[in-house]
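Hello,

Here is the structure I promised to pass on. Please open it and keep it beside this email while you read.

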Amino acid sequence: MNLKISGHHLDITPALREYVVNKLDRVVRHFDQVIDVSVLLSLDNHKEKEKRQKAEITLHLKGKDIYVESCDGNLYAAVDMLIDKLDRQVIRHKDRLQGHQHEALKHQSPDLPQ
């Protein structure tokens, strides 16, 4: 898994990088076919102070890209909300991949005449 963490109008500290990596382990634990992860942490100049810190993530999976963003007054809280949203979407994507609408012919039991 390739991981790219970048910051827009803020510096990425080692503590913040470690926090994001630890949170992403939860997503990788549910679905291990992650190819590439791109995280963008930014500080916007909104008038609303509670929406000033923004976290975005793009997760490149086999056959699909998942994009999630969240805003909060605290960057760590924004990352928490982001990972929660991403985890729900990854689990839903995994369920869709594994959900079988009907069984394959080789797994069906043959109807034998009595």
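Predicted model: local features only at pLDDT ≥ 70, side-chain atom pairs only at ≥ 80, totals over all residues.

**What I found**

Strand β1 and strand β2 (residues 34-43) run parallel, and seven bridges join them. In general, strands of a sheet pair through backbone hydrogen bonds, either parallel or antiparallel.

Now look at the whole sheet. It is open and has four strands, in the order β1-β2-β3-β4. The pairing is mixed. Which strands are at the edges? They are β1 (2-8) and β4 (64-72), and each of them pairs on one side only. On average, neighbouring strands of this sheet are turned by 10 degrees against each other, direction ignored.

Next comes a helix. Helix α2 (residues 75-98) lies across β2, β3 (53-61) and β4. Against β4, helix α2 runs at about 155 degrees.

Finally, zoom in on S70. You will find S70 in strand β4. Is S70 buried or exposed? S70 counts as buried, because its relative accessibility is 3% and the cut-off for buried is under 20%.

What does S70 touch, leaving aside its neighbours within four places in sequence? S70 is in contact with Q53, K54, A55, A78, M81, L82 and K85. Take a second look at A78. The backbone oxygen of A78 lies 2.6 Å from a polar atom of the S70 side chain.

Best wishes

Key
Residues numbered from 1 in each chain as written. Heavy atoms only, no water. Pairing = 2+ DSSP bridges. Helix = DSSP H or I, 4+ residues; strand = E, 2+ residues; numbered from the N terminus. Axes fitted to C-alpha atoms, helices over the stretch in contact; angles between N-to-C directions. Contact = heavy atoms within 4.5 Å. Buried < 20%, exposed > 50% of the residue type's maximum accessible area, 1.4 Å probe, protein only. Polar contact = N/O pair within 3.5 Å; in protein donor to acceptor, adjacent residues only side chain to side chain.
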